[in-house]
Amino acid sequence: MVIEEEKKFISLINEHQGLIHKVCIMYENDPDVRNDLFQEIVLQLWKSFSSFRGEAKITTWMYRIALNTAISGFRKQTRHVKTEDLKELHMNISDAWAEDREEDIQRLHFAIRQLSEIERAMIMMALEEVPYEEIAETIGITQNNVRVRMNRIREKLKKLMSN
Amino acid sequence: MELEELKSIWKNSEPLFQPKGETEIANMLKGKSISIVEKLKKNVWFELIFTIVVSIGLLVYALLLTSGAAKWLSISFILMCLAYTIVYVKKLIFLNRFNPANENIRANLVSLIEKVSSYLKFYKRSYTILYPVYFCLGLLFAGIERGADAFFENLMKPRTMLLLTALAGLFFFLSTKAANWYLKKLYGNHLEKLKSLLSDIHG
């Protein structure tokens, strides 16, 4: 029974690991710490797996736990992203990413990393097409509040990306 | 820049991550958590074991002593350790049931702030209350052992009063310093970080 449950869980993580990777990339610059964060998120998901009854969408549940773990985790303080980090990120992604939009992509990632941790969570879900209702539910604020905050975040990103 | 435009950039930026294999994921399940709740649990376990070891040591020591201030002080200390053991066990049961990651981010932060604050408060109270209490208990047992008259006669001497005040001050200063150093080492600025995250949500 436990083995069956474990198999089911592993296949679920395998299927949705992109979501966890994205959260890790949003919150950690250092690849080793990012790897630790990935493992921590998987552990927290596993811990909560038995209590997941399918009332929410699986991705909503995963976002909630992954973001909670990344935001409130007891890790080394995340340093602010510097241009060198951006170059490093650029080096890692340049091979796979479309050449023509590379600059926009770099600027977007750089700008997102300048936002607060809560804002990062909100914009990431919004960019992943998570409905405002689910963003509100995950963060614990009202949908109206999400709308207001998203407008502010968009303005911030606009400024950061144009600099 | 509109959100739709950002979404289209984001979609093109699917980062190339190294996918984890099923075996790697399975191994992760056997790993140790580094969450703050796990850290709290680890610390409580350490303190529980330390308290039990100290209690046993004191019990052995008290049994070897003949009646006197040191014996009664040891016994009172053992009783206090027992009370602490109960508190630690209750804390562990509570922490084992605690799974804030299931809540939304705001509720999780509120919960964590409450838990870490109460943990820190418990320590600070222990250090600020227990040390003076033990200092006074030490004096009381010494008084009982020497006899009230001789004790008060000695206590009234300016030299003794000065020495005791200096000792009490040093005792309190060192214990508070030690407690603050220990708490800072354990949790650093994590509580401040959690509070600032919550205030960011309230926006």
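Is A:Ile71 buried or exposed? Keep that in mind while you set up the view. The model is predicted. The predictor gives the complex an ipTM of 0.81 and a pTM of 0.76.

**Stop 1: colour by confidence**

Start with chain A. Its mean pLDDT is 83, and 82% of the residues score at least 70. Select helix H4 of chain A, residues 83–93. Confidence in chain A is lowest here, at a mean of 49. Now jump to H6(A), where confidence in the chain is highest, at 94.

Switch to chain B. The average pLDDT is 83, with 96% of the residues at 70 or above.

**Stop 2**

Chain B has eight helices and zero strands. Along the sequence the pattern reads α-α-α-α-α-α-α-α. The radius of gyration is 26 Å, well over the 17 Å that the globule rule gives for 203 residues, so chain B is more spread out than a compact globule. Of the 203 residues, 12% count as buried. Take the contacts in chain B between residues at least 6 apart in sequence: 77% of them join residues at least 24 apart.

**Stop 3: where the chains touch**

Bring chain A back. Chain A puts 52 residues into the contact, and chain B puts in 40. On the chain A side, select the helices that give two or more residues: H1 (2–27), H2 (31–49), H3 (58–72), H5 (102–114), H6 (117–127), H7 (132–139) and H8 (143–162). H2(A) gives the most, with nine residues. Colour this side of chain A by class: 24 residues are nonpolar, 15 polar and 13 charged.

**Stop 4: A:Ile71**

Zoom in on helix H3 of chain A and pick A:Ile71. Here is the answer to the opening question. A:Ile71 is buried, because 23 other C-beta atoms lie within 10 Å, and the cut-off for buried is 20 or more.

Next, show its contacts, leaving aside neighbours within four places in sequence. In chain A, A:Ile71 is in contact with A:Glu117 and A:Ala121. Across in chain B, the partners are B:Ile105 and B:Leu197.

Last, select A:Tyr27. A:Tyr27 and A:Ile71 are 44 residues apart in sequence. In space, C-alpha to C-alpha, they are 7.8 Å apart.

Technical notes
Residues are numbered from 1 along each chain as its sequence is written. Chains are lettered from A and ligands numbered from 1 in the order in which they are written. This is a predicted model: local features need pLDDT of at least 70, side-chain atom pairs count only at pLDDT 80 or more; totals for chains, interfaces and linings use all residues. pLDDT is the predictor's confidence in each residue, from 0 to 100. Two residues are in contact if their C-beta atoms, placed from the backbone, lie within 7 Å. Helices (H or I, at least four residues) and strands (E, at least two) are DSSP runs, numbered from the N terminus. Ala, Val, Leu, Ile, Met, Phe, Trp, Tyr, Cys and Pro count as nonpolar, Asp, Glu, Lys and Arg as charged, and the others, Gly among them, as polar. The radius of gyration is taken over C-alpha atoms; the globule rule is 2.2 Å times the number of residues to the power 0.38.
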